[in-house]
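Colleague: Can you take me through this one? I'd like to start with the strands and then move on to the side chains.

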Amino acid sequence: MHVDIEGAARTARMAAEFGWTWYLDKDLPGFCDVAGWSLGESTEYRTNLHTDLRLQRPHASVTRRKRMFDKMSVLVSDKIDSSASWAQRQRSLVDGFAALGNGLFPVMGSPTRLAPGEDAMMSWEHPRVWIELKVVYDTVNLNLISQEWQATADAEARYEAGDW
């Protein structure tokens with residue numbers, strides 16, 4: 001599995017510095033301009049972006065909510081080889097996630113949150129955006145998440161855990 005460590009670190013740095021409003025018509029073209037990306041196909045519920053990351057499929061996507069969005073998912077790895085054994089696929093994901101995390105530490109500092117395991121995740125909180133590195137099935141994504149959406153997800157997790 002190939003990962004783009006430099007591209008992930010550059011994207012995270014730009015996301016931390018960007019003035020997010022979470023309005024589609026402002027932030028998508030604005031972030032694409034800053035990042036050197038381009039807008040792709042758009043439907044009622046989703047907008048695809050073409051990134052400059054060095055991957056087989058340089059892609060990001062945004063789930064739309066009328067005029068706004070809450071999360072941008074950026075592929076920072078290629079998919080794992082589906083013909084490999086389960087153990088080899090898991091090792092590839094662990095190694096890719098670790099390499100990306102190590103590449104983000106110098107740019108982002110220590111993560112605000114860290115979760116090991118099959119759904120490994122590390123995230124950094126910034127005033128306008130949560131930046132999350134996460135294993136998602138057969139890839140590693142860099143998610144850019146609105147503070148509002150993260151607060152809602154945190155509240156739901158506390159409720160489900162009985163902490164209300």
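This is a predicted model: local features need pLDDT of at least 70, side-chain atom pairs count only at pLDDT 80 or more; totals for chains, interfaces and linings use all residues.

Colleague: Where do the strand labels come from?

Modeller: Strands (E, at least two residues) and helices (H or I, at least four) are DSSP runs, numbered from the N terminus.

Colleague: OK. What does β7 pair with on the β6 side?

Modeller: β6 and β7 are antiparallel, with five bridges; two strands pair if DSSP finds at least two bridges between them. They form a hairpin with four residues between them. Met-122 is opposite Leu-133 of β7, and Met-121 is opposite Lys-134 of β7.

Colleague: And how many bridges join β7 to β8?

Modeller: Seven, and that pair also runs antiparallel. Glu-132 has Asn-143 in β8 as its bridge partner. This hairpin has two residues between the strands, and Tyr-137 in the turn has a positive phi of about 55 degrees.

Colleague: What is the strand order in the sheet?

Modeller: The order is β1-β2-β3-β4-β8-β7-β6-β5, eight strands in an open sheet with antiparallel pairing. β1 (38-42) and β5 (113-115) are the edge strands, each pairing on one side only. From one strand to the next the twist averages 20 degrees.

Colleague: Which strands does α1 touch?

Modeller: α1 packs on the sheet and touches β7 and β8, where contact means heavy atoms within 4.5 Å. Its direction makes about 10 degrees with that of β8; axes are lines fitted to C-alpha atoms, for helices over the stretch in contact, and angles run from 0 to 180 degrees between N-to-C directions. α3 lies across β6, β7 and β8, at about 165 degrees to β7.

Colleague: Let's go inside. Which residues touch the most other members of the largest nonpolar core?

Modeller: Trp-20, Phe-31, Trp-37, Met-72 and Leu-133, out of 41 residues in that core. A nonpolar core here is a set of buried Ala, Val, Leu, Ile, Met, Phe, Trp, Tyr and Cys residues joined through side-chain atoms within 4.5 Å. Elements that each supply at least two residues include α1 (5-17), α2 (24-35), α3 (86-108) and β7 (130-136).

Colleague: What does Phe-31 touch, leaving out residues up to four places away in sequence?

Modeller: Thr-11, Met-14, Ala-15, Phe-18, Trp-20, Trp-37, Met-72 and Leu-144. Phe-31 is buried at a relative accessible area of 0%, and Trp-37 is buried as well, at 6%.

Colleague: How are the rings of Phe-31 and Trp-37 arranged?

Modeller: Their centres are 5.5 Å apart and their planes at 80 degrees, so the pair is edge-to-face. Rings of Phe, Tyr and Trp (its six-membered ring) pair if their centres lie within 6.5 Å; planes under 30 degrees apart count as stacked, over 60 as edge-to-face and the rest as tilted. Ring pairs link Phe-18, Trp-20, Trp-22, Phe-31, Trp-37 and Phe-69 into a cluster.

Colleague: Switching to charges. How many salt bridges are there?

Modeller: Five, counting a side-chain nitrogen of Lys or Arg within 4 Å of a carboxyl oxygen of Asp or Glu. One of them joins Arg-10 and Asp-52, with the closest N and O atoms 2.8 Å apart. Arg-10 lies in helix α1 and Asp-52 in the loop between β2 and β3, so the pair ties together parts 42 residues apart in sequence.

Colleague: Which residue does Glu-6 meet in a salt bridge?

Modeller: Arg-54, at 3.8 Å from N to O. Glu-6 itself is exposed, at 56% relative accessibility.

Notes. Residues are numbered from 1 along each chain as its sequence is written. Side-chain values use heavy atoms; hydrogens and water are left out. Buried means under 20% relative accessible area, exposed over 50%, partly exposed in between (1.4 Å probe, protein chains only).
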